[in-house]
Structure formats: structure tokens, C-alpha cells
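Please examine the sequence and the three-dimensional structure shown below. The paragraphs that follow lead from a helix to the domains, and then to individual residues.

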Amino acid sequence: MPRLLAPLLLALLPTLAQAEDLIRVYNWNDYIAPQVLKDFEQHTGIRVDYRTFSSAEELEQALAGGEPIDVAVPSHNALPRLISSGRLQPLDFKLLPNRKHLDKQLLSKVAASDPNNRHAVPYLWGAVGLAVNTPQAEKAFGGPLPQSWSLLFDPEQSARLSQCGVSLLDAPDETLAVLLNYQGRSLARSAPSRLKRSGDLLAALRPNLRYIDSQRYIADLNAGKLCVAMAWVGDALNAAAAGQPVNFMVPQEGSVLFIDNLVIPASAHRADLAHRFIDYLLQPQIAARITSETLYPSGNADARQYLDEALRNQPGLYPDKDTKRRLFPLEALPEKLGVTRDQVWAAFRAGK
Ligand code: N2P
């Protein structure tokens, strides 16, 4: 028996060695240039098991369940809880020489959620706004559109638009933050009772919404099947790039800004390879390719010079000064409020 086993094991060895050079990456949908993954695999011989999620909740559950993920991409407002519950590993900066290309302003914003930037590397960021198929929406609305969240949150207005299709992101922090800001308040400083009342307002909008989903809306906007969608900037710009007359607008009342980050979960099996992957993405030319394809602004300051001229100046990609003034970063919620938010959102999503 051993005589037979030995050659078999020897034959298996190369496969085993290869199987070890694998990382599991868990990212948002439509948030990478697929060719970058292929190039990384080819250059390094490290295989990437790449999966996606479409809501912060999905990522949170995977991390809380201790899944063996080597690189994940949480938004900045999720960092304080992930760090305090020990879900993230501190990064080894020595293994990330390309960190020097990161945008310093962005790093200091993220440092409010991750002191000294020990755990997170800004990847892509951007604004939340409304993607509007202007000809369709104006027709249904019966005239020019206000540059306002009222298109969604005023039930009379969204009822008019419902015939050409209105959708909402499955993103409770973003939705509640813009709703409360529209009402002149702040999500993070709201009492749970106030959040429940916001839930009632959302429930009244429910009949006007085609769905609450952060992935389906991309294809539907591209195909002209939605006229107003609460959107993350790159998804909206991609619809416009696909030929639809879709505009991305940040309403006058203001909106939220998110910064998504590359992190190494505590449950990672290959933190060494995860660092190599992150450093690969931190090369300015690679970061520029990712921005060119996803149409999200890059966390990499040196990437900008590698963007096509047209893209570098594309309105809406990097927010202009005026828009920037209307944007505020998503805030982390105090624990108790987080529980109310989850209840309110689950009921809303289920249509209860
Ligand atoms: C892209 C998802 C954007 C991520 N489809 C928002 N945090």
C-alpha cells in the first residue's frame, strides 16, 4: 500500500502547493475591472476566488460568521464596529509599498473611523444620488424635475414617476441618512422613535417603488426600464455610458458620501497573499483601470493622471466643488440605533 501511495502523493504535491496559493476576495457587485483579477493571477500565480455582495448587511453577516475571507471591502462607516469586535487584522504597511499613492485627504477622513489607518485602505468612493432618465421622467412627471429628494420622498411626486419605474438602494444607512437630512435632521443623532417614524414614511412610499435592490437597477437603468433610481455614482454613470439619457444628480438638500476600503478580516487564511493583492490594486495604473471601468472615483491620488482625458473631466465622476459642499460622510450609528435601523429596514423591505 505505501508503495502505491507514495507516487500518488508525489503526483498530487504540485496541485496541493497550488491550492495553497489562493485568496478569497469578497467585494461589492460591479466594483472591479475583471481583467485586473486575471492579470493578478497571471503575474503572481495566486488564484482569486472572487465573490460579490450587494448590501452592507451581506458583508457584515459573512464577517460575523467568520467565513475565511482574505480581502473584503466594507464602507468606512462599518469600520468602527468591525474593529472593536476584532473582525479585522491590522495591516502590515511594510508589505504595502504602494500605499504611498493613496489620497491623503481620503485617508484622514477614514482615520476618523480607523485610527491611524491601521486596518483599511481606501479603494473606491463616491456620492449617493439620483439616477434620472430625464426624457422618461419628465414625461411621467409632467414637466421639469426639481433637483430634490422630493422626487422619491414626496409620495405625490414618486407616485407620478412610478409609471416609468422608481427604485431604491437596499442600503438602510444611506437611505435613512438622506431622508433625515432632507427633513433637516441627522440619522446618527436621531432617537429610535424618530427612526420608526421614518419607517412609516418609507412604508407609504412602498407602492410607488418597483423594488428595493442595489444590483438589479444597474441593468434596468442601462436598458431604459427605470426612470428614477436612488444610485451610487458609478452605477448611474455606467448606465449613461451604455447610451441611456441618464443623469446622475446630487439633490440640493445634500447627500451622503461613502468610502469603501480594502481590509483583511481576522478570519483570513492567507494574510500574506492578501497584502500582495491589496498592494497590486494600489498601483496607480491598475487603480486607474478600475476607475475607468467601474466609474467610481479612486482612493488612489496618483491614478488620476492615468485616466483618459475625457474621463478625468467627466462631470459627476469626481464631485465638483459645489457638489462636494453638499456631501457629508455616512456616520457610524450607535449600537442601539443600529438595532432600530435593522428592524425598521427589515419591515420596510418585506413590505410590512
Ligand atoms: C457598486 C457598489 C457601490 C458600493 N455597485 C457602495 N458602497
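Predicted model: local features only at pLDDT ≥ 70, side-chain atom pairs only at ≥ 80, totals over all residues.

A residue is called buried when its relative accessible area is under 20%. In α13, the buried residues are Leu273, Ala274, His275, Phe277, Ile278, Asp279, Tyr280 and Leu281. The helix spans residues 271-281, and because eight of its eleven residues are buried, α13 is largely enclosed by the rest of the structure.

Asn98 is placed in the loop between α4 and α5 (104-111). Apart from neighbours within four places in sequence, Asn98 is in contact with Asp279, Leu282 and Gln283. Is Asn98 itself buried or exposed? Its relative accessibility is 16%, so Asn98 counts as buried, given that the limit for this class is under 20%.

The next topic is the division of the chain into domains. Domain 1 consists of residues 17-125 + 258-318, while domain 2 consists of residues 127-257 + 329-349. Taken over C-alpha atoms, the centres of the two domains are separated by 26 Å. To the contact between them, domain 1 gives 23 residues and domain 2 gives 22 residues.

How can the size of such a contact be expressed? The size of an interface is often given as the accessible area lost when the parts come together. Between domain 1 and domain 2, about 1800 Å² is buried, and 55% of this area lies on carbon and sulfur atoms. There is one salt bridge between domain 1 and domain 2. Arg349 forms a salt bridge with Glu57, and their closest N and O atoms are 3.1 Å apart. The count of residue pairs in polar contact between the two domains is four. On the side of domain 1 that touches domain 2, the elements giving two or more residues are α4 (79-84), β9 (255-262) and α14 (284-294).

Strand β9 contains Ser255. With a relative accessible area of 0%, Ser255 is buried. Leaving aside neighbours within four places in sequence, Ser255 has contacts that include Val128, Gly129, Trp149 and Arg326. A polar atom of the Ser255 side chain lies 2.6 Å from the backbone oxygen of Val128. By comparison, the C-alpha atoms of Ser255 and Ala203 are separated by 21 Å, and these two residues are 52 residues apart along the chain.

Arg326 belongs to the loop between α16 (321-325) and β10 (327-329). Its relative accessibility is 15%, so Arg326 counts as buried. The Arg326 side chain reaches the backbone oxygen of Val250 at 2.7 Å, and it makes a polar contact with the side chain of Asp322 at 3.5 Å. Not counting residues up to four places away in sequence, Arg326 touches Gln147, Val250, Pro251, Gln252, Gly254 and Ser255.

A covalent link remains to be described. How many disulfides does a search of the whole structure find? The search finds one. Cys164 and Cys227 form this disulfide, with their sulfur atoms 2.0 Å apart. The pair links distant parts of the chain, 63 residues apart: Cys164 is in the loop between α8 (155-161) and β5 (166-168), and Cys227 is in the loop between α11 (216-222) and β7 (228-232). The torsion about the S-S bond of Cys164 and Cys227 is about 65 degrees, and the disulfide is therefore right-handed. Both Cys164 and Cys227 are buried.

Methods:
Residues numbered from 1 in each chain as written. Heavy atoms only, no water. Buried < 20%, exposed > 50% of the residue type's maximum accessible area, 1.4 Å probe, protein only. Helix = DSSP H or I, 4+ residues; strand = E, 2+ residues; numbered from the N terminus. Disulfide = S-S within 2.5 Å. Domains from an automatic or database assignment. Contact = heavy atoms within 4.5 Å. Buried area = accessible area lost by both parts, 1.4 Å probe. Salt bridge = Lys/Arg side-chain N within 4 Å of Asp/Glu carboxyl O. Polar contact = N/O pair within 3.5 Å; in protein donor to acceptor, adjacent residues only side chain to side chain.
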